[in-house]
Amino acid sequence: MKLFVFLLWLSSMALWVESALGQSVPVPSDVLSRTAIATSETSTGNVPSSLSALAGLPLADTGIVFTAEEFYQAVLQHNPIVKQAALLNQEAQAQVQQARGAFDPKLFSAYNRKNFGNTLYYDKWQSGLAVPILPGGLDVKMTYDRNTGKYLNPENNVPPTGLIALGVSVPITQGLLIDARRNTLRQAQLAVNLAEADRISLINKTLLDAAKAYWDWYLAYQQFRWIERGYQLAQTRFVAVRQRALIGDAAPIDTTEALITVQDRLVQFQQAAVDLQNARLSLTTFLWSSQEGAVPQPVDLPGTVIPQAAPPDQTSQVQLQDLLNRAAERHPDLVKLVNKQQQLTIEERYRRALLMPKISVEASLLSRGPLSEATTDGSGSYGFQSGNHKIGVDLAFPLFLRAERGKLRQVQLKNQQTGLERQQTGRDIVNDVQRAWNELVALEKQITTQQQTATNQQILVQAEVSKFQLGESSLFLVNSRETKLIDLRIKLEELRTKHQKALANLWYAAGSNVGSR
């Protein structure tokens, strides 16, 4: 019996060394199997035969590693929010196309006829083609008029074969350099850049949330591993103490002490299993599969998948300066404000143009319609020549220009406000990057300190176990040391999780995302 208890004690120590040091220590399978059998007969309650089954996981460190980079790429390729972001650019391109519609050539035709008391008063038909020209705001127009009737207005008299006019309408002052059509088109073209900035901003926010979800999953998994190992260790020690108490080598109260530790760690283990399941569910929110032209479908995370180990990223001042330069050049918030200022500048130019008198000149060359051979008189007096023309001048000018001056002032103030907002936003971005950088550097130092603390605590545990074996310590102190070590290991994983989140936040503050590193 003493030999059996001694083997159980060895298995307890081996489990702890493997948990604390992360090294593989061979443990006799027959000892573990007997331990499980003996434990199932105790009063600890319904203890699962497979601890990891509570979280739907394989045994720790035996699953398929799903790296953070693979996760980020899956989000970028298949997530519906990322695909939705791509639609913003397409919507802006549609607005540009809509604005270009103001310069589309236009066919037109109008027909009027009046017949009363067997008398044809008039029969008028005009058709033509109008072509707006983008540079200069010109309008080229070609018309064909054919009018007949007894009571036709004399100015509408045309040759029997009709009248052809080919002319142009030219703004002399207002509308020469910019008009409403060109103003709308240029602002729509700048809106494409705004949409691109919105797309990048939405993708960056999605990747930031995804990174946080991934490292929350990592932390939940590491907590589950350490608590599971602590529970196994407490369970094994309880059986050993129980057997020693049965043969009189240990006080019965030590059995109660060991049982309380088992029960306490079982509760922690069950909660860790629930936290891990919830963290996996949060991660699956970002996992989708999609085919070209098909609706994305949600994907569940396989139970055999585990997160990668936290990489030991090291910071450098070169990296900080690179991120600051990136933020100054390509941060979506700054890009949006720059383009808004350009839009307002164009709007201001347009509003200034409205302060000038509106003068436009129309000029057309005239020619009669084509004649049949029977009616041709051989005269060229009615063809296209300088003497056959029609000209007109339109002039309009509001006397007080209150509406125009008020709108111009409003646009100027908005432009100034946007400029000030741009300056403040640039300063805020620099500070955000610096704050994220400071947090990242501080976490690296904390991780180093925490690793040393955990190593020192491990030495204390080993020393306490040695003293307990010599009868110079108590089971309470051994359990306390082990619990403290588990807490320190979990705290270390929390710091590593914060470090990875801080890294993702640093890239987000710089206007990029951790998936594009």
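1. Strand 4 and strand 5. In this predicted model, strand 4 is joined to strand 5 (residues 163-171) by seven bridges. The two strands run antiparallel. Within this pairing, Val-168 of strand 5 stands opposite Val-140.

2. Strand 3 and strand 4. Strand 4 (residues 138-148) also pairs with strand 3 (residues 119-133). The sense is again antiparallel, and eleven bridges hold the pairing. Take Gln-126 as an example: its bridge partner in strand 4 is Asp-145.

3. The hairpin. Strand 3 and strand 4 form a hairpin with four residues between the strands. Look at Gly-136 here. Its phi is positive, near 85 degrees.

4. Helix 4 against helix 5. How do these two helices cross? The axes of helix 4 (residues 80-100) and helix 5 come within 8 Å, at a crossing angle of roughly 180 degrees. An angle over 145 degrees counts as roughly antiparallel, so helix 4 and helix 5 are roughly antiparallel to each other. Their contact residues divide into 15 nonpolar, six polar and four charged.

5. Helix 5 against helix 8. Helix 5 (residues 180-246) also meets helix 8 (residues 332-353). Their axes come within 9 Å and cross at roughly 170 degrees. Helix 5 and helix 8 are therefore roughly antiparallel. The residues of this contact divide into ten nonpolar, eight polar and six charged.

6. Length of helix 7. Helix 7 (residues 317-330) has 14 residues. At 1.5 Å a residue, helix 7 should span 20 Å.

7. Which residues of helix 7 are buried? They are Leu-320, Leu-323, Leu-324, Arg-326 and Ala-327. In general, an α-helix has 3.6 residues a turn, so residues three or four places apart point the same way. The face turned away from the buried side carries exposed residues: Val-318, Ala-328 and Glu-329.

8. Pro-252. This proline is found in helix 6 (residues 252-284). Is Pro-252 buried or exposed? Its relative accessible area is 63%. Exposed means over 50%, so Pro-252 is exposed. Pro-252 and Arg-242 are ten residues apart in sequence. In space, their C-alpha atoms are 7.8 Å apart.

How values were computed: Residues are numbered from 1 along each chain as its sequence is written. This is a predicted model: local features need pLDDT of at least 70, side-chain atom pairs count only at pLDDT 80 or more; totals for chains, interfaces and linings use all residues. Side-chain values use heavy atoms; hydrogens and water are left out. Two strands pair if DSSP finds at least two bridges between them. Axes are lines fitted to C-alpha atoms, for helices over the stretch in contact, and angles run from 0 to 180 degrees between N-to-C directions. Angles under 35 degrees count as roughly parallel, over 145 as roughly antiparallel, 65 to 115 as roughly perpendicular and the rest as oblique. Ala, Val, Leu, Ile, Met, Phe, Trp, Tyr, Cys and Pro count as nonpolar, Asp, Glu, Lys and Arg as charged, and the others, Gly among them, as polar. The expected span of a helix is 1.5 Å times one less than its number of residues. Buried means under 20% relative accessible area, exposed over 50%, partly exposed in between (1.4 Å probe, protein chains only).
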